[in-house]
Amino acid sequence: MERFSPYTARTACTLCGSRDGTLIETRDRHGDPLAVTCCRGCGLAYVDPIPSADELARFYSERYRKEYKQATAPRLKHVYRAGRVALGRARVVGLLATPPARVLDCGAGGGEFSYLLSSRGYRLTGIEPNDGYREYAKAEYGVDLRAGTLDAARFEPGEFDLITLFHVLEHLPDPGAGLARLAGWLKPGGHLYVEVPNAVTRVSSPSNLYHRAHLYYFAPEPLAALAARAGLRAILLDGAPTLANTTAVFVKQAAPLAGAFASAHDAVVAANRARTLARYLTSGHTLASVAPRFWTRVQEGRVERAGGSGRTTLDRLFATEAPRLGA
């Protein structure tokens, strides 16, 4: 089938139950076949069919990091890069919860963000399904990371003041069920801090956007609707087309929130039609990012050449960059 043709999905939409969609992509970032549909009922974009839970568990435990990062454990440049991102996220965390708040870092990766919060007095637990990254983080930083997936995790109702979910929700076979599970672990009035790929972005490279590890792509409206069904009300929802990712902060309500929501189908399809490689390469956003990206690569090269451990790399980064960034 051709892109942007009507499409009947094998997997029904997890938000509205429809199988009617528009085919917005036929290839993944490596050029291999991959069907991505945008639901006509609500605008949720997803890979069709959704893999089974067992297939996903094996993939993330054994292969994901190696295929995505070409590494079984973080290299120092990955540690440095993730540490810089962690500092930016910590500024938001400071507005939502203060030490010694109980925090769950779901999808902790190499543990950089978990280490930063732990070092600031938060009582932190993390979940990371990838064996290599999780064991590296535990050995290097001494953080409390648990094995397994979100579905397999066990925590007490209302155990956490804050849960962070950075680039995890798009990997879940049923994101609505995942949000409901997380909401159950939050205290009343607790916060869920989320970042996901933006389905209406016009600044991401079309050749690097879709890959089989990402099962869902969220416009703000479907994301808010899924969260509302789980009893989570959005207090921040930023998914402008000028952003590669959608960022959201939700607060736990006493009960699920019902109500109609606008379909994002037309906006998602329009963004995909407009997203061409030529436009990406010549856009002001891409041109403006050349110098910062080059400088970042220079800094990462210096970190790699300097050597040392992940802990010393992060300690040095946090000591020098946190005051400058106000983090």
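This is a predicted model: local features need pLDDT of at least 70, side-chain atom pairs count only at pLDDT 80 or more; totals for chains, interfaces and linings use all residues.

Helices, of at least four residues, and strands, of at least two, are DSSP runs numbered from the N terminus.

Most residues other than glycine have a negative phi, and most peptide bonds are trans.

From E4, move to the sheet, in which 5 strands are arranged in the order E1-E2-E3-E4-E10, forming an open sheet with antiparallel pairing. Its edges are strand E1 (6–8) and strand E10 (216–217), each of which pairs on one side only. Helix H7 (residues 265–274) packs on this sheet, where it touches strand E2 (20–27) and E3, and its direction makes about 25 degrees with that of E2. Now select strand E3 (residues 33–39) together with strand E4 (residues 45–47): the two run antiparallel and are joined by 3 bridges, and valine 36 has valine 47 in E4 as its bridge partner.

Next, show helix H2 (residues 76–96) with helix H9 (residues 284–306), which pack at an angle of about 130 degrees with their axes 8 Å apart. H2 and H9 are therefore oblique to each other, and their crossing is right-handed. To see the contact, display Leu76, Lys77, Tyr80 and Arg81 of H2 against Arg297, Gln299, Glu300, Val303 and Glu304 of H9. Which classes of residue make up the contact of H2 with H9? The residues divide into 3 nonpolar, 1 polar and 5 charged.

Then turn to strand E8 (residues 160–166), which pairs with E9 in the parallel sense over 6 bridges; leucine 162 stands opposite histidine 191 in E9. Strand E9 (residues 186–197) is mostly covered, with 9 of its 12 residues buried.

Follow the chain into the loop between E8 and helix H5 (175–185), where histidine 167 lies. Phi of histidine 167 is near 55 degrees, a positive value in a residue other than glycine, and at 25% relative accessibility histidine 167 counts as partly exposed.

Finish with phenylalanine 4, in the segment before E1, which has a positive phi of about 70 degrees although it is not a glycine.

Conventions
Residues are numbered from 1 along each chain as its sequence is written. Side-chain values use heavy atoms; hydrogens and water are left out. Two strands pair if DSSP finds at least two bridges between them. Contact means heavy atoms within 4.5 Å. Axes are lines fitted to C-alpha atoms, for helices over the stretch in contact, and angles run from 0 to 180 degrees between N-to-C directions. Angles under 35 degrees count as roughly parallel, over 145 as roughly antiparallel, 65 to 115 as roughly perpendicular and the rest as oblique. A crossing is left-handed if the near helix is turned anticlockwise from the far one by less than a right angle, and right-handed if clockwise. Ala, Val, Leu, Ile, Met, Phe, Trp, Tyr, Cys and Pro count as nonpolar, Asp, Glu, Lys and Arg as charged, and the others, Gly among them, as polar. Buried means under 20% relative accessible area, exposed over 50%, partly exposed in between (1.4 Å probe, protein chains only).
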